[in-house]
Structure formats: structure tokens, C-alpha cells
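The sequence and structure are shown first.

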Protein chains: 2
Amino acid sequence: MSPDFDVTILGNTSSIPVHGRNHTAQIVRFGQFCLLLDCGEGMQIQARKYKIKVARISHIFISHLHGDHYLGLVGLLSSYNLSKRTKALTIFGPKGLDEIITTHFRWSDTKLGYPITFVQTDSKNMNLLVDEKLFQVYSFPLQHRIPTTGFLIREKYGLRSLIKEKIEGKELSIAAIKSLRAGIDYYSQEGEIFKVKEFTYPLPPLRAYAFCSDTKFDPGLKEYISKVDLLYHESTFLEQDRDRAELTFHSTAKEAGQIAKLCGVKKLLLGHFSSRYANLDPMLAEAEIEFKPIEISEEGQTYQI
Amino acid sequence: MSPDFDVTILGNTSSIPVHGRNHTAQIVRFGQFCLLLDCGEGMQIQARKYKIKVARISHIFISHLHGDHYLGLVGLLSSYNLSKRTKALTIFGPKGLDEIITTHFRWSDTKLGYPITFVQTDSKNMNLLVDEKLFQVYSFPLQHRIPTTGFLIREKYGLRSLIKEKIEGKELSIAAIKSLRAGIDYYSQEGEIFKVKEFTYPLPPLRAYAFCSDTKFDPGLKEYISKVDLLYHESTFLEQDRDRAELTFHSTAKEAGQIAKLCGVKKLLLGHFSSRYANLDPMLAEAEIEFKPIEISEEGQTYQI
């Protein structure tokens, strides 16, 4: 069985937090792992509202240093300290994030009781950030006003499952089982051949999620996020405000749809809506001319990947 | 008629934001003025919930640099920029707050479109920070783990109101009216005496509000906040957790009651409750043994001063 792999949206708004919408933060769950993508102000309150256990987060990824994407981070790190966290935490983010964090804790005279590893992201190239047994996380360049990266979470092949009916009656050695589960045909000392195809179920297709927080329209994304199962792409403006989108290095709903189509993704999730739009139906209508299926991200909703 | 003078609580919790409670932030309204005392994370969302217009805020006062008292500030300043604020803003806070703010805006490459004056507070002495026509704001020392000040907002005498029935039929010169309203008896060139007592209503008593954000039990507060109409005093712990209060330089509910009694205040408002207490009734019970009247501060509630 494949591990659970989903994303829960804690915030889907840009700029000023209005219309009951909050700044960007997402929880990606992969099996037992819990990853946080961006950490806008109020993330802790949102997490509690939607029954996310923040203590489980092991890796935090910050796309860029505009406040609506990270101003909840110092508060979260402080809360970890108050709740006596000891588990290590790794934070990936642009140059400057470490200075911001250490400046806060220097002035509040805080000594954290758990280890933080800070890894500086690179907004020029795609880079492998995390390589776990069953998934990897990459950063890739986004085109915004300041250095910005997206994040790609990609499933890796794990061990195959044995077909019970086939192995019953066979006395398979531990070495044989290990080999078959790893996808390698096994030759016993007695000359018997155990074929992976015969004794194991086929592997499920690999799943992938791409997070494009803030970016102008960029066809170059195809190189990084082609054919992902779920693409979260910012959709700050409608075409009617295209001049504003260009000025601020953001995308329109139409452009988000075009990127989804160009990259051949399975499904598009729109977010990072400007506070100027109370009603988001026109976002969906505009993007669906370019691509389907699309969902307007909703806070508190979990999307399967 | 006296100007409106009240305080609206936007957050009343310390440490981890749980039980639906938020970090410290308060709006003090004095006539047309709108002052913000502390600015915990999520202040903007809370302000919107309780229909506070943040654009009206002219002065921000930060008591100290523990995250639960200021982590909403950079987000608020960013929102002002996005909403094209041009009105000047004055921020009072401890050394370091300016470095924190400028570090954020340096990395986000933000140029603010409105002027900010930063005034560094002094946690050793009482100081006059704001001297407006009808009120003053002072900072005064609190005893906490890092440099911390409380704030005192004190009404000043304004102009007296003339008693209509008394002045009817008298031909009072502008000079006479000015003099009487300023509280000075007026002697006309014709030798007539116009007594302030006779021609104007008595001045209403002066009102004052004191905000003690984070402090250990400190009888020295009497020097600064004696006889205020409303005292907001932190009440982080119950007596049963006195060891924790002492270790962290916080007060118990009982101690807050003792301070109110010692300072001869008219009313006590408790706040800054630890996340360990879901039910706050015992706070009230414990403090009321020492002093009455007391209210447990509630988010969204406005308290007259």
C-alpha cells in the first residue's frame, strides 16, 4: 500500500489578510512525515483550528522573504521551545532567513532547547533538499521580485509487496524476500529462479506535488514540475488586473491555467488570492478556459496527491 | 463632555496561542486618537474580527521583545504599505525593535511609503512619550527577564464648558471666554469679575489607564500607576504554579490583586494567561481575595476607562 500523501491548506491569501483568509502555509503529509511549506502569520492558530499537530513537523520550507510567507515562523519556533520540543528541525529558506531568526532570538534572549539546521536555498537552480527512503524534496527557481523557490515533493519507489498466494508453499529465504521486494530477480543456490514479476505486485505509479508560491508567468517551470499529480500555483490576480500582476511579478488565474496545461499536470490547485477579490468564482472560470481539472484552494481542506 | 476613553482587548494569552485565545494586543481609544499597545501575532485578523480600523492607529507601543508581544508588528506595517498608507506612524519600543523591523524590510526589499518614527523606550525610569492636548502617554519600568516597560495613558485637563444660562445676556469678549474656558478668572476693563466657578461647569475627574504587560510582583509600581481608573495587569499563573511564575518573572492572579490594592486603583483587568489554564474562573477567585472589582479580560470586549 502506498503511504498517505496529501496537502492541507492553512492559508490561501496574499497581501492583507481579509475575507476570513490567511497568509500562505501548507502541511504536506507523506506517510509519517509532516512538512510545512511556508509559514504565514497566524499559522499556529490555523493549524489548531484544523487539528494539525505542529509538533510532528520535521522540515520547514520557506519559499521567499515576503512577510506573508514567513511571518508566523518565529512564533512557531518560540512555541516549540515553550512546549519543550527536543526533536531536531530543519529549515530550508533563502539567504537572510537565518539572520532574521537569530536577530529575533538574540533580542528576546532565547536559547532554543532543540537543534535547528538551517539550509540556504538557491533560487538559480533545481536542488535536492531532502532524500528520504520514500520521498524527495527539491527546490526550483521561481521568477519573483526577490529570490524565490518553489518546492517539489516527489515519491520514490519503496519495497514491493509479495503476492501471498504465490509464495505459499515455497520456502523463500530472507535473502530471496529482500531481493524480490527490492525488485531484483532472485537465483537460489539450487538454481531456482524467482522472478520479481511473478512474486510481487506491480509498483504503484509515483506521485508528485509542486508548490509555486509567488511567481510571474514562467514557461520555464516545465523543466522542473512536468506531469506532477497536483500543482499548487499562485493566482494572485484576474486578467482584468494584468498590469498589476506584471508590476508585482505575480500570475493571473489564466496564466496559472496555462502553466498547468504546459506542464501536463494532473490537477491544478489555485491560491494566493489578492485581498481585492472577495468572490473567487471568477478565478476558477478564467483558469478553466485553459485547463481542467482545477480547484480553488480552501483553508482547512486536504487534497490527495 | 469628556472624550471617549476606552480599551479593546484583541489578545489576552501568553506563550502558546490556545483555547481560542490570542497573543497580547490592545487598542486604546482616546477621542479621535487610536493607540496600539503591543502587537502579538494575528493582531490584524483580531482587529478585523472586532471591527477595529487599523488605519486609524497613530502610535504603537511595544512593551518588550518577547515574541508574543510584537510578532504581529511587521505584518501590520506591511499591510499599511499595501493599503497605501501615507499617514506618519510613531513606534515606541525597546532597543532592538528597530533592528528587527529593518532586518525584515531589508530582506524583503520593501520601501515603506509612509514615515515611521522609532522612539527607543527606557526600562529604568518613567518617561513621557506622548504629550497631546488632552492626554499623555508615559512608559514606566516593569521587572521582567528582558528590558520591559508598561504604559500609562493619562487624561489632561482640557477646556472648561461654559454654563449657557449664566452667560446669556452677558456680552462676554473672546478674551473673557478663552480665559474662563482655560480656568482663569477674567477681569474686564470695566472692572467686572467673571469667576470660573460661576460661569463654567466643574472639570470632570481625570482618567488614567495603566498597562502592565509582563512583570513579576513589584510593589514599586505604586510610584507610577497609583490610583489609575483601570489597571491591566498580567496574571500569567495561579498560586499553585508560583514556582513557575518566579522562574519566568511573571505574576500570579493573587499578586495582580495585591498590586491593584497597593496602588489603590479603581478596577483591575486580568490578562496574559498561560496556555496551561483552559478555565479562567480560578484566576478571578484567587485575585478577588485581595481586591475588587476585577474582570477577566475577554478578547473583543471594550472596557471604559
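## Terms and model

Two strands pair if DSSP finds at least two bridges between them; helices (H or I, at least four residues) and strands (E, at least two) are DSSP runs, numbered from the N terminus. The model is predicted: local features need pLDDT of at least 70 and side-chain atom pairs count only at pLDDT 80 or more, while totals for chains, interfaces and linings use all residues. Residues are numbered from 1 along each chain as its sequence is written, and chains are lettered from A and ligands numbered from 1 in the order in which they are written.

## Strand E1 of chain A

Strand E1(A) (residues 5-11) is joined to E2(A) (residues 25-30) by 6 bridges, and the two run antiparallel. Within this pair, Gln26(A) of E2(A) lies opposite Ile9(A). E1(A) also pairs with E16(A) (residues 302-304) through 3 bridges, again in the antiparallel sense; here Thr8(A) has Thr302(A) as its bridge partner.

Because 6 of its 7 residues are buried, E1(A) is largely enclosed by the rest of the structure. A residue is buried if 20 or more other C-beta atoms, placed from the backbone, lie within 10 Å of its own.

## Chain interface

Contact requires C-beta atoms, placed from the backbone, within 7 Å. By this criterion, 30 residues of chain A touch 30 residues of chain B. Helices H1 (43-49), H2 (73-82) and H3 (97-107) of chain A each contribute at least two residues to chain A's side.

Definitions and conventions. Buried ≥ 20, exposed ≤ 12 C-beta atoms within 10 Å, placed from the backbone. Contact = placed C-beta atoms within 7 Å.
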